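Subject: Structure handover and notes

Hello,

Here is the structure, with the sequence. My notes follow below it.

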Amino acid sequence: MGMIYDKRPTDITTQLAMLKQRGLIVNDDDNALKQLASISYFRLASYWKIFETDETTHQFASGTRLEDVISLYNFDKELRSIIFTAIQDIEVALRTRIIHFFSMAHGAFWFMEASKFNSRSIFQTCLDSIKAELDRSKEDFLQEHFAKYDTPSMPPVWKTLEVVSFGNLSKLYANMKDVAVKKQVAKSVGLPQYIYLESWMRSLTVLRNCCAHHGRAWNRRYPAMPQMPSRLPLAWVDAQHIRPMKLYAQLCTLLYLEQSITPNSQIKDRLLSLFKAYPHINVKKMGFPRGWENEPLWQ
């Protein structure tokens, strides 16, 4: 049986006093109180954890300043913004290509046909979710469709899949039986195997949700890990020593896909500028290997 949680809430002034007792250097109390009033104690705790020397007492390493913690928080916030922009490009492109290639092969309502999917249970879960997303959507093109048509029960794929989540899109793609069409989609983004795209979509779904919900991104260990091929047709990296649970692997998949989706994307330049603006951030904690900046993908 677990313990009963009996800690009482503490006001911001008390929170600041606790941090100072643990050795955090605070040069401006008024500014510190404003920071804690805008960024919650436990959100910031995710960032000051790396500065702690004791997990039990939560003592800070000598010389740790509140400015160091806030700087790391701001770095992560800017990093998430760049990542989210890239995932938006990729999500829209993959949605467009999945709709196009599967529609050409299987018609306007393939997403409603259980026989075209490997797992009936996954198919039904996706379909139920799609119905719920259609019911929630206020898009004009859907309202106009439902006002005019009542059969079939859902609009054609080129309307319906425009409003489904990236997670559902990923599950639909992975569950489809038609390997030939899945290969078409994958090759359109420079991937020779559809299993790579399945893996990358799963991992990017998790990363997208992390960014969308303002979660810490920079040094997180990600449960959905992308497969890292040793060789790919476009500019790529030496994947031999990459840790796929770390952010570096995810960033490599983003940059790779951007090459065929948005050739003039500024994502790489924005990432490199961010790292330059925060030279004190240890990129090794994100899984960046030695010599990463010399890899063709990052050139």
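**Helix contact**

In H10, Trp200, Ser203, Leu204 and Leu207 meet Leu247, Gln250, Thr253, Leu254, Tyr256 and Leu257 of H11. Contact here means heavy atoms within 4.5 Å. The residues of this H10 and H11 contact split into seven nonpolar, three polar and no charged. Nonpolar covers Ala, Val, Leu, Ile, Met, Phe, Trp, Tyr, Cys and Pro; charged covers Asp, Glu, Lys and Arg; polar is the others, Gly among them.

The model is predicted: local features need pLDDT of at least 70, side-chain atom pairs count only at pLDDT 80 or more, and totals for chains, interfaces and linings use all residues. Residues are numbered from 1 along each chain as its sequence is written, and side-chain values use heavy atoms, with hydrogens and water left out.

Two packed helices are described by the angle between their axes and the distance between the axes. For H10 (residues 194-212) and H11 (residues 247-261), the axes come within 11 Å and cross at roughly 115°. That makes H10 roughly perpendicular to H11 (65 to 115 degrees; under 35 is roughly parallel, over 145 roughly antiparallel, the rest oblique). Axes are lines fitted to C-alpha atoms, for helices over the stretch in contact, and angles run from 0 to 180 degrees between N-to-C directions. Helices are DSSP runs (H or I, at least four residues), numbered from the N terminus.

The H10 and H11 crossing is left-handed: the near helix is turned anticlockwise from the far one by less than a right angle.

**Backbone points**

Most residues other than glycine have a negative phi, and most peptide bonds are trans.

- The peptide bond from Thr151 to Pro152 is cis, with omega near -10°. Pro152 sits in the loop between helix H6 (140-148) and helix H7 (157-160).
- His58 has a positive phi, near 60°. His58 is in the loop between helix H3 (41-48) and helix H4 (66-106). With 29% relative accessibility, His58 counts as partly exposed (buried is under 20% relative accessible area, exposed over 50%, partly exposed in between; 1.4 Å probe, protein chains only).
- His214 has a positive phi too, near 60°. The loop between H10 and H11 holds His214. At 48% relative accessibility, His214 counts as partly exposed.

**One more histidine**

His100 belongs to helix H4. Its relative accessibility is 41%, so His100 counts as partly exposed.

Best wishes

How values were computed
Helix = DSSP H or I, 4+ residues; strand = E, 2+ residues; numbered from the N terminus.
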